[in-house]
Amino acid sequence: MEYQKKELPDKVKNTGFLFAGIGLLLIAVSYILDPRREAFNNIIGLTFFASIAIGALALVALEYISGAVWSVPFRRVSEFIASSLPLVLVFAIPLFLMLGMLFHWTHPEVVSADKLLSGKSPYLNIPFFIGRTIGVILVLYVFYALFTRNSRKQDESKEQGLTRTNVKLSAAFMPVAGIGLTLLSIDWIMSLEPHWYSTIFGVYYISATLLAGLAATTYASVSLNEAGYLIPGVNKDHYYSLGALMFAITNFWAYIAFSQFLLIWYANIPEESIWFVMRWEGGWKYISILLIFVRFVIPYAGLLSQPSKSNPKRLKQISIFILIAHFFDLYWLIMPTFSKTVVFSFYELGFPLFVVGVVILAFYYQTKKHNLVAVGDPKLQRGLDFHL
Amino acid sequence: MTEHSRHTEEADIMNKKIYSIGGLFDTPDSITHAAEEAVKEGYTKFDVNTPYPVHGMESAMKLKPSLIGLVTLFIGLSGAAFAFMFMYWVSVVDYPLIIGGKPFFSWPAFVPVTFEVTVLSAAVGTVAVMIALFFKFPNNAHPLHDTNYMKHVSSDRFGLNVVAIDPLFDESKVRDFLSRTGAKDIEIFYEPERKPIRVFDPKFIGLLVVIAMVTAGVTYFTLNKLLYMPPFTWMAEQDRLSSQSQNAMFTDGFGMRNPVEGTVARGFTPYEFKGQPDSVVRNLSNPLPFSKEVIDRGKMRYNTYCSPCHGYFGKGDSRLNGQFPNPPTLHSDKVRNWPDGNIYHVITNGQNVMPSYDKQITRDDRWAIIHYIRVLQRSLNAKDTDLETKK
């Protein structure tokens, strides 16, 4: 069947502006009231946003490199979500101005008095830190630009060779994205506690990133397909695959998170276990226990049965829930450095709302310019014929 | 085939029970159509065999969702419970060991094994249950095994067979139905003869013996030879000092080193009055409450450390009596009139022949022993008022 390009309703744009507007207002108020606290929330916002955008981009690359056909009808959805990637740098700009308020390795007098920190200073120093963040985002954005440029050219020319080019690109993308995400997570989250280290931390953030990108893609794809904006032919088997992948990555996250906990708990070395002790005192204990349920048990139970994976309503609920859980996870990772006791109020809400608004708007403006379905992709028909 | 053998085969068939009638189809479309027709005809006990999963077959056959998932869930949860409780029993009940200073019930350490056993038991159990249901345990084969039908449905054709337990089953009607829907090579399948399983078959016994010998040989070789060859010895031979061996690094040659001067064990409070005059200690009052638990604790510690000399009742009449200068009774007026701090001082520092006990008995235990000594003293000097019972 032929794809008919349709304009998304203004409702989408308005929702985006609403979220972004309320978020921006809250951020502005919070920055005036308590700059330090909002700066920590800015890190949550940055890592939340980066993981949605990079996760969606990783799904695009994953489809090319694995030769998957089922996801071709909604690959553009992932591409459009990933289009917001350069805006991550906008989130980083206020933080670059306030690094001293957030990271205590930025103070030369602290570093010189601390043997561990001076040992780490060739890596943890302000110019290299800023350079890394900008570098990672830019390199990933180059990949995004190349992927989408080839794919859009294909819409017109139907040239199969472009898919082959993208497969090669995705092979190069995988290690770059792995290293890039590891650097981002080490820089923005782990170096908040510069004495602490966990060698699995990059993988932890990568699993969360894939899940965030997938949840955003799933919500958008299912909603768009229900409203008839995608090409006809996307059916329950496609939904099932999305649900099964979310289920798998949820398990992967739990596996990584538990591995990290088990090794640190078992070895019980003070400089490692302090990180979990910080998340077990002053009320953080309840947040930590809640995280297990929010991040693993509830999505696991919600996606366990076969019918639930292909139920569009359930998929939309779970993908929203997973995004909230992802935010909650980052809150748990970052905020204990800011406060010994649990704090949660409107300060924390500004950034997630703003990020959601920005992603929706980026998506909306992409749909104005480009097809919502990769009509020239040679795998598209096979993707539509996909059956389990 | 000789006349004779054909004759016996026919005679066999007469005695056999029909299992099902099946036919072969050439295309996935025709088999899907046939399955739909079979449902229309009213057959409920029929099965379709295809060389690969044919899409839409479930809905064509009007199959209900399989219940095997529940079996898997049940077996998996049983495996999880078994593994978890087994580890609990081993490390908390039967053989508690302190590992890494952690509590006996350290559940995070149980999680990996619980997970493995869950997956293993769920997978193996599901396959076992499926085979048992499919073969109808204790049969070890299916009626369709080794038939022309099975040969084809596992490679190039599609089969449908109506099982005899179907309430509408009728040999000629099923044959009609199958040929009407376009089936070729319609065949009748019989229930296989159940042969008794012979355990004492020489071949089987021989196989067991060979397996046992190979297993024993490999185990012997591994445990006694292989593990003493490099590279398997690398774990044992390391650049470290083995326990009870001489240490070349230090002049005294000891492998085990004393802790640094002033080291204090975690949770231990050193004697806080060390080097202070007796008068300070003597004036201390007992910090512990005079409660049943404290007195029971004191009794236990007293019986362990004090009774060998002072006797179980503090009379100085222990079994060591006569071998050493006799220890004094604790019921003398002198001791009875001592403040608690004075007894504490004697236990901690020692007195005359009695050595210091501050290494053996913790502070709290010393105070608990003092409470118990007071109990012993009062038992020999009870006042009339003590007889008053609680109202």
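Modeller: Let's start with Asn352(B), which is exposed, having 9 other C-beta atoms within 10 Å. A caveat: this is a predicted model, where local features need pLDDT of at least 70 and side-chain atom pairs count only at pLDDT 80 or more, while totals for chains, interfaces and linings use all residues. Residues are numbered from 1 along each chain as its sequence is written, and chains are lettered from A and ligands numbered from 1 in the order in which they are written.

Biologist: What makes Asn352(B) exposed?

Modeller: The neighbour count: 20 or more other C-beta atoms within 10 Å is buried, 12 or fewer is exposed, and in between is partly exposed, with C-beta atoms placed from the backbone. Asn352(B) has 9, so it is exposed. Asn352(B) sits in the loop between helix H12 (340-349) and helix H13 (363-380) of chain B, and has a positive phi of about 50° without being a glycine.

Biologist: Why does Asp185(B) count as partly exposed?

Modeller: Asp185(B) has 14 C-beta neighbours inside 10 Å, so it falls in the in-between class. Its phi is also positive, near 55°, and it lies in strand E4 (residues 184-190) of chain B. Helices (H or I, at least four residues) and strands (E, at least two) are DSSP runs, numbered from the N terminus.

Biologist: Why are H10(A) and H11(A) called roughly antiparallel?

Modeller: Helix H10 (residues 201-226) and helix H11 (residues 236-267) of chain A pack at about 160°, with axes 9 Å apart. That angle makes H10(A) roughly antiparallel to H11(A); the cut-offs are under 35 degrees for roughly parallel, over 145 for roughly antiparallel, 65 to 115 for roughly perpendicular, and oblique for the rest. Angles run from 0 to 180 degrees between N-to-C directions, and axes are lines fitted to C-alpha atoms, for helices over the stretch in contact.

Biologist: Which residue classes make up the contact of H10(A) with H11(A)?

Modeller: There are 17 nonpolar, 5 polar and no charged residues. Nonpolar covers Ala, Val, Leu, Ile, Met, Phe, Trp, Tyr, Cys and Pro, charged covers Asp, Glu, Lys and Arg, and the others, Gly among them, are polar.

Biologist: And what makes chain A as compact as a globular protein of its length?

Modeller: Chain A has 17 helices and 0 strands. Its radius of gyration is 21 Å, close to the 21 Å that the globule rule gives for 388 residues, so it is as compact as a globular protein of that length. The radius is taken over C-alpha atoms, and the rule is 2.2 Å times the number of residues to the power 0.38.
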